[in-house]
Amino acid sequence: MSLLRVTSPHASGQGQVSSVMRDVLIATLPGVLILTAYFGPGTLLNIVFGGLIAVATEYAITALRGRDPRVAISDLSILVTSTLLCIALPPYAPWWLIVIGVLTAVLLGKQVFGGLGYNPFNPAMVGYVVLLISFPVQMSAWASPRGLAEVPGLGDTLRHVFAPGTIDAVTAATPLDLLRQNTGLLFEDLLTNSPELTGWGGIGWFEVNLAFLRWRPLAVVSPDLYLACAHRYARCPRCLRAHRI
Amino acid sequence: MRTIHDIHGGIHPPERKALSRPGDLQNAPIPPVLVLPVRQHLGVPALPIVAVGDTVLGGQVLAEAQGVMSVPVHAPSSGTVVAIESRPIAHASGLADQCIVIQTDGEDHWLAFEGVTSWRERDPATLVERIREAGIAGLGGAGFPTAVKLSPGPTRPIETLLVNGTECEPYITADDTLMQCRADELVEGAHILAHILSADSILIGIEDNKPDAIARVQAAISRAGVDVELATFPTKYPSGGEKQIIEILTGQQVPSGGIPADIGIVCVNPGTAVATQQAIVDGKPLTHRIVTLTGEALAAPQNVTACLGTPITQLLEHAELSVDGQQRIIHGGPMMGFAVSDLNAPITKITNCLLAPTATELPLPDPAQPCIRCGHCAEACPASLLPQQLYWYARAKDQEQLAEHRLFDCIECGACAYVCPSQIPLVQYYRAAKGQIRDSEQEKRRSDNSRERFEARQARLEAETAAREAKRAARKAAAQSQAAENGSDPIQEAIERAKARKAEQEANP
């Protein structure tokens, strides 16, 4: 019998990095569902496509760095990065936008600093910021929510993402457009009468626009909290009036 | 009813306490050879007063205390001293220490002891002296000399004696067993300690996962018809830390760097209270203790009363250790115990548990992954520290920041490492950092000393030079004044004399 010499504690919990990351992924589900409900399968496609690119990039880079790529992939951190980024991108964003964003996040946000745990900034937000500065038009081209326009099916979605420009029916007037072009009506009347501001689709628009106007800093800290707040805010007309929107 | 407070953090590891059947106490056989380290306590080692070849009786003093921070060592059975030499001891360092080795004769003859039943009429100082002479050091794990703890000094009046029956660490049931089997002695021992300290109240705290111990102690309190409060509180690791149980039961926090006596509390282990009772009422020194033998690698896990100095291997054999290949033997519990490096090392006053887990029971940790700053460690820390920050600063060897973040308030309970999803051995980093800080403090003291020495020498040399100068100046002044008085100059006269001598030599070659 040989004696093993290790230091305390000898017992350890069941925690794994992968289980922490898995929990984060589960926590994004409600937000993803809301986005999908309003905007159709675009967000889901973002997440799946971005995830594939991210995993492939992470695999290649860790292999190049002489680490075990399977260990790097299995901690699921790369899926958290790509999912957070892809939620923040507009649904039906062109494929190259997703590719550039994900590559930036994985390469410049994470791997150049030494990979998991050594990144000074949130890699997903690094990718997001680079995209927003470089491609403001594509980054602000949010589709119309359900209720104002037809939400595209899967086929249309794929065509829109991978062959951008072939479909142009998914954008419509936004509430901000409505306010800009409004000349006679009081805000209260607009709020109760215009289809863009009422009902299912209108609320969806509020959520997106309000989130961008008011809670962007929060989004950096916690995308889910930010979506939840946006949702609450959009359902409260008094809050809206208080902020003169 | 006492308000039970909650402490920050804490964890709930699997308890595994039923494995060693708490409450069922057996006697371990007297081993053929007893190895008694002269330091089984915190402080100065005891000085051997027996020689090789001496025959000794059970209870006889083998080594005397040296100074205040020291306690004597007694023979746990009769036999012959066969060696006084350096032997491996059960210590985290794996180092050896001086031990008195006794070959037992199997007769187990004992000295006759004289106890004091009327301890209430005795002066506390004589009782403290008896406790010191009985070799009692804290049986909870630190081995702090009890007599020192019982002398907090006039500036620290003690209100409460707290008996810490938490035993929060998984697997260990030695205190549980002791409270079940020696409840009456425990209550009387607590009274003796409170009498010594002139404490107003006695409080026994037991975690609520020990219903049998709670019932037995409650019964003993009613039997004794005395005013002792028994408080139970929810099970959580590490509620049994001294500072933690004080906060749980009183809501007060022991100041950082302070001791419980600073807030009027003295906290003792139940084993210490029972040992005190035996030392005072029976006059019996501390020669045995209860040890939990547990772990799935043992076929017969149990609690035993064992002679101090029994080699670990004997006890493991007694509990039917069956292994081949690699085995971890842990002295203490799975959270704070250390791996034993030599099975011939003996158990001492601080050995509450020997744990022999299988590889599936307590698997070795996976390789550490990078810290992902999840913050679970900060949620688990019972001392409200920031383990993650401490980890980064420990890696950077930033001693200033480590002090700023209160590294020395860390009790090394291991809760942070337990919850770490990256399996980082955090406690190891903190221990290393503490060691480095102690080293550099010692280094600083040494360099301060040598600087002072150098400066003192410089000052002395300067003073000597100045004194010489003063003397010379005085001589010169004296000569000048003499010249002025006599109208002659001694130097000029000397020159004249020399010239005259030279002229004389030239005249008579």
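This is a predicted model: local features need pLDDT of at least 70, side-chain atom pairs count only at pLDDT 80 or more; totals for chains, interfaces and linings use all residues.
Trainee: How do you know that the span of helix α13 of chain B agrees with its number of residues?
Mentor: Compare two values. At 1.5 Å a residue, its 61 residues, 426-486, should span 90 Å. The end C-alpha atoms lie 89 Å apart, which agrees.

Trainee: Which residues of α13(B) are buried?
Mentor: L426(B), V427(B), Y430(B), A433(B), K434(B), I437(B) and A483(B). They pack against α9, α10, α11, α12 and α14 of chain B.

Trainee: What comes just after α13(B)?
Mentor: G487(B), with a positive phi of about 75°.

Trainee: How many aromatic pairs are there over all chains?
Mentor: Five.

Trainee: Why is the pair of Y118(A) and W392(B) called edge-to-face?
Mentor: The ring centres are 6.4 Å apart, and a pair needs them within 6.5 Å. The planes stand at 80°, and edge-to-face means over 60. So the pair is edge-to-face.

Trainee: What makes this pair join two chains?
Mentor: Y118(A) lies in the loop between α6 and α7 of chain A, whereas W392(B) lies in helix α10 of chain B, so two chains are joined.

Trainee: Why is W392(B) called partly exposed?
Mentor: Its relative accessible area is 22%. Buried means under 20% and exposed over 50%. So W392(B) falls in between, as partly exposed. Y118(A), at 33%, is also partly exposed.

Trainee: Which residues form a cluster through ring pairs?
Mentor: Y118(A), Y391(B), W392(B) and Y429(B).

How values were computed:
Residues are numbered from 1 along each chain as its sequence is written. Chains are lettered from A and ligands numbered from 1 in the order in which they are written. Side-chain values use heavy atoms; hydrogens and water are left out. Helices (H or I, at least four residues) and strands (E, at least two) are DSSP runs, numbered from the N terminus. The expected span of a helix is 1.5 Å times one less than its number of residues. Buried means under 20% relative accessible area, exposed over 50%, partly exposed in between (1.4 Å probe, protein chains only). Contact means heavy atoms within 4.5 Å. Rings of Phe, Tyr and Trp (its six-membered ring) pair if their centres lie within 6.5 Å; planes under 30 degrees apart count as stacked, over 60 as edge-to-face and the rest as tilted.
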